[in-house]
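Please walk through the fold described below with the model open.

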Amino acid sequence: MDTPGTISCDDELRNWPAGEDQARAVQDRLRPHVRLDEPGPEPGFEGTVVGVDVAYDDARDVVAAAAVALDARTRAVVDEATAVGQISFPYVPGLLAFREIPTVLDALARLTRTPDLVVCDGYGLAHPRRFGLASHLGVLTGLPTIGVAKNPFTFHYALPGPDRGATSPLLDGTEEVGRALRTQRGVKPVFVSVGHRIDLDRACAQTLHLAAHYRLPETTRAADALCRRALADA
């Protein structure tokens, strides 16, 4: 799934870090490859948007990943795939991508179509090192990616207005690293950040389009349900 100019997934997976210092060095090395100069696809574009998510069984050191492809215009599921693997990295806040990405890449590779946009249940630039799961996955695959998280991580924000579509900056000091987005009236916001090859306005617009009826985007809801089923069957 590599595109010209991207990092080689195969090389990265062969040299996957086993410890925290190595993982942080990988983040530092790959972070300059994040592309922030593209607007990304418009909401409702003709193409495929894929949600990815993982579920863990820590007692067995097993992780299950799901990739669910939706028609970007109608939000209908058009393809899905799962993968199950062994957890190969410890739980360390800020380094969760190293637990998830190998199995997520496996699930993505099993899809019958190439995504035009990937939505991660997690963070992109809204990360202490500005290189969360969505950015890491985007750099490895070359695909446009966004992170849609359920909580603000270590960052602060003012509550957005009560109406659907209201936003407020997600801040690290004075730096905007993402946005709190109200996807449904009277429901807690989600936290959107750029991953790779999309801007923040478009990332929020995509999230709002995909969250037509519920707090979370349909991509995340479908991938969450599928990875839980895959873990139960593993």
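A nonpolar core is a set of buried Ala, Val, Leu, Ile, Met, Phe, Trp, Tyr and Cys residues joined through side-chain atoms within 4.5 Å; buried means under 20% relative accessible area, exposed over 50%, and partly exposed in between, with a 1.4 Å probe and protein chains only. The model is predicted: local features need pLDDT of at least 70, side-chain atom pairs count only at pLDDT 80 or more, and totals for chains, interfaces and linings use all residues. Residues are numbered from 1 along each chain as its sequence is written, and side-chain values use heavy atoms, with hydrogens and water left out.

The largest nonpolar core has 66 residues, of which V52, L108 and L137 touch the most other members. Strand β2 supplies the largest share of this core, nine residues. Contact means heavy atoms within 4.5 Å. Leaving aside neighbours within four places in sequence, L137 is in contact with V52, I101, V104, L105, L108, V118 and C120. A second, separate core of eight residues includes A149, F155, L170 and A180.

Helices (H or I, at least four residues) and strands (E, at least two) are DSSP runs, numbered from the N terminus, and two strands pair if DSSP finds at least two bridges between them. Eight strands form an open sheet with mixed pairing, in the order β3-β2-β1-β4-β5-β8-β7-β6. Its edge strands, each pairing on one side only, are β3 (77–86) and β6 (167–172). Strands β6 and β7 (residues 175–181) run antiparallel and are joined by six bridges; L170 has G178 in β7 as its bridge partner.

Two helices pack on this sheet. Axes are lines fitted to C-alpha atoms, for helices over the stretch in contact, and angles run from 0 to 180 degrees between N-to-C directions. Helix α5 (residues 200–210) touches β1 (48–57), β4 (117–120), β5 (145–149), β7 and β8 (190–196), and its direction makes about 15° with that of β7. Helix α6 (residues 218–233) touches β1, β2 (62–71), β3 and β4, at about 40° to the direction of β1.

An unreviewed UniProt entry lists D53 and D121 under "binding site"; such annotations may be inferred rather than shown by experiment. Although spread over 69 residues of sequence, they cluster in space, with a largest C-alpha distance of 5.9 Å. D53 lies in strand β1 and is buried, with a relative accessible area of 7%. D121 lies in the loop between β4 and α4 (133–141). Leaving aside neighbours within four places in sequence, the contacts of D53 include D121, T220 and D224, and those of D121 include D53, K150 and T220.
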